[in-house]
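Here is a set of questions and answers for someone meeting this structure for the first time. Each answer works towards the value or name that was asked for.

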Amino acid sequence: MSQQSADYDIVVIGGGINGAGIARDAALRGLRILLLEKNDFGSGTTAWSSRLIHGGLRYLEYAEIPLVFESLHERRRLRHLAAHLVTGLRLNIPIYEDSRRSKSVIRLGMIAYDLLSIGKKTPRHEMLSRDELLREEPGLRREGLLGGARYYDAQVTFAERLVVENVLSARDAGADVRNYSPVIGINVRKRAVHSLQFIDRESGEETEVSAPVIINAAGPWVDKVLTTVNREMPQFMGGTKGSHIVVGKFEGAPHAAFYIEAHEDGRPFFVIPWNRQYLIGTTDIRYDGDPAEVTASEDELDYLLNETNRVFPSAHLSKSDIHFAYAGVRPLPRRDKGPESAITRKHIIFRHKKDAKGLISIIGGKLTTYRNLAEQAVDAALKSSAIDAKDCETRTLPLPGAAQLDAAGEKLRSASGLTPACIERVLGIYGSRAVELVDTASEEFANVYLDTNRTVPAAEVAFVVRNELAVTLIDIMHRRMMVGLDADQGLSMADKIASIAAREAGWDKSARERQLKALHAYSDRFKA
Ligand SMILES: Cc1cc2nc3c(=O)[nH]c(=O)nc-3n(C[C@H](O)[C@H](O)[C@H](O)COP(=O)(O)OP(=O)(O)OC[C@H]3O[C@@H](n4cnc5c(N)ncnc54)[C@H](O)[C@@H]3O)c2cc1C
């Protein structure tokens, strides 16, 4: 098949952070791209992470120096390229008499982290005395406390939005991006990929398209996608499950994020101020089940609650304090032996040169390094075929919401008429695109809010339905407006949002009811 006679230059399977990043990178290079996602964009593993954009201090223990270096480099880039979504985070590590990692080991790790961060404009670490740490964080357990270390990383409160912005940018650069379009077959002819079949969302029909390159970026479903190839393919994945709980502000809650060694097994876990709540996690357990079915187990909830209560003794957190809990499967390469934490977090871009030229599988990959992974995957795609393309632009081109961010903030503050709390909220979700949102606020939506605090404007629903490829009420609330991650999972606003969405999307009464029912079932899944 010649490149010209194919329908697309590259088809990307999977609209998580990696597939979305690859589609954007490739589309910006002028390639003809089709991105296919079986559910909604960003509804897989990407939504179930710790949401840190971090160097991975822990990887130093496994001497993964290049990975730490790459991550720190990408962290700096994302602070600029996705400035509205990726924000700085101060972290403390408390050190106790019985900690497995001693003060000198932690100091050494901190020095190495600083050295690898050189030129990254992040403040250097500080070692804190017991009194200094307790002065700032009086809720911390005092018995056996020797002191602590402080360092700086970053977080992406709404990882889902990072995916959406990559998808929108890919679309704006000419890519054909489709959610609810599962790939069901990949055809290899004469040891080279030729075409694939997917179910078209609009028609519900099986559709075939041809392309000389297919990138399998299906995260923990990579192996499952490989089983749809019309010949025997290798299997790679050996995911581990990680769970988180989300709780409200508790007695003795910290001001900064905490990186803590768990008493039970010595694994580090995080307590992170997040989205006006606290995100606590994670666990790391080998998992062979269906990634779509993974939930936090009772044991994991107990482990996270007990360990948090141990370090913040006045917290007294119990299951009833959990707003919601979630779990995801890390798409890691299979390693049957050794501890889960020792499995490399480095990504592998595997070109199936022998069996299926033009097919590329993505194994692993962190949220933090998605941009670099995408650049490398597109470079590999260009090597696999004779396609001409422009140079990579994603190293310097901000995501849509990060462009002209300061000017947008000023404009909204001076002329939008929105409440100050609403302006800060929409800037943190849509960045400079919030100006378009305000323009959507025609007469019918002017000054109408969906919540009592007046932070969620009614116009936002219309904006995401019209502009952001949202199909279901769950997409709208959990992966566009992000109210699904509020303490009540946004349910107090669900009826009103469903009514506006119904008008915008043309749902009749029974479709609106079905959407609400599906939303409630989805929310129930995360109840502890
Ligand atoms: C508990 C946990 C904590 C983590 N914490 C962090 C962290 O703090 N920082 C960090 O940098 N990284 C973190 N990670 C890692 C990071 O979240 C993942 O590596 C990353 O999100 C993987 O993205 P992905 O796009 O490869 O996979 P996914 O997000 O899973 O996307 C794959 C997509 O493929 C789609 N798909 C599957 N089959 C098909 C098909 N047949 N047709 C079409 N589409 C299909 C799926 O629906 C899915 O949306 C964490 C991971 C976990 C699980």
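## Questions on a predicted model

L519 is found in helix α15, which covers residues 509–524. The model is a predicted one.

Q: Is L519 buried or exposed, and what is its relative accessible area?
A: A residue counts as buried when its relative accessible area is under 20%. L519 in helix α15 falls under that cut-off, so it is buried, with a relative accessible area of 0%.

Q: What distance separates the C-alpha atoms of L519 and L491?
A: Along the chain, L519 and L491 are 28 residues apart. In the predicted model, the separation of their C-alpha atoms is 8.7 Å.

Q: Which residue in β7 stands opposite L34?
A: Strand β2 (residues 33–36) and β7 run parallel and are joined by 3 bridges. Opposite L34 in this pairing, the residue in β7 is D176.

Q: Which residue in β19 is the bridge partner of I215?
A: Strand β11 has pairings with two strands that can be followed through I215. With strand β1 (residues 10–13), β11 pairs in the parallel sense over 4 bridges, and there V12 stands opposite I215. With strand β19 (residues 359–363), β11 pairs in the parallel sense over 3 bridges, and in β19 the bridge partner of I215 is I360.

Q: Which residues of strand β11 point the other way from V213 and I215?
A: In a regular strand, side chains alternate between the two faces of the sheet. Strand β11 (residues 213–216) has V213 and I215 pointing one way, and all four of its listed residues are buried. Those that point the other way are I214 and N216.

Q: What is the average twist from one strand to the next in the open sheet of 3 strands?
A: This open sheet has the order β8-β9-β10, with antiparallel pairing. Its edge strands are β8 (183–189) and β10 (206–210), each pairing on one side only. From one strand to the next, the twist averages 25 degrees.

Q: Which residue in β9 does I186 stand opposite?
A: Strand β8 pairs with strand β9 (residues 192–199) in the antiparallel sense, over 6 bridges. The residue of β9 that I186 stands opposite is L196.

Q: How many aromatic pairs does the structure hold, and what is the arrangement of Y113 and Y151?
A: The structure holds 12 aromatic pairs. The ring centres of Y113 and Y151 are 5.7 Å apart and their planes stand at 85 degrees, and since planes over 60 degrees apart count as edge-to-face, the pair is edge-to-face. Y113 lies in helix α3 (residues 103–116) and Y151 in strand β6 (residues 145–156), 38 residues apart, and both Y113 and Y151 are buried. To restate what was asked, the total is 12 and the arrangement is edge-to-face.

Q: Why is the pair of F236 and F350 tilted?
A: F236 lies in the loop between α6 (222–226) and β12 (240–247) and F350 in strand β18 (residues 348–351), so the pair ties together parts that are 114 residues apart in sequence. F236 is buried, with a relative accessible area of 15%, whereas F350 is partly exposed, with a relative accessible area of 30%. The ring centres are 4.8 Å apart and the planes are at 55 degrees, so the pair is tilted.

Q: To a polar backbone atom of which residue is an oxygen atom of the ligand 2.3 Å away?
A: The ligand is surrounded by 37 residues, and the closest are E37, T45, T46, G365 and T368. A nitrogen atom of the ligand is 3.0 Å from a polar backbone atom of K38, and an oxygen atom is 3.0 Å from one of L367. For the distance of 2.3 Å from a ligand oxygen atom, the residue is G365.

Key:
Residues are numbered from 1 along each chain as its sequence is written. This is a predicted model: local features need pLDDT of at least 70, side-chain atom pairs count only at pLDDT 80 or more; totals for chains, interfaces and linings use all residues. Side-chain values use heavy atoms; hydrogens and water are left out. Rings of Phe, Tyr and Trp (its six-membered ring) pair if their centres lie within 6.5 Å; planes under 30 degrees apart count as stacked, over 60 as edge-to-face and the rest as tilted. Buried means under 20% relative accessible area, exposed over 50%, partly exposed in between (1.4 Å probe, protein chains only). Two strands pair if DSSP finds at least two bridges between them. Axes are lines fitted to C-alpha atoms, for helices over the stretch in contact, and angles run from 0 to 180 degrees between N-to-C directions. A residue is near a molecule or strand if one of its heavy atoms lies within 4 Å of it. A polar contact is a pair of N or O atoms within 3.5 Å; within protein, one must be able to donate a hydrogen and the other to accept it, and residues adjacent in sequence count only if both atoms are side-chain atoms.
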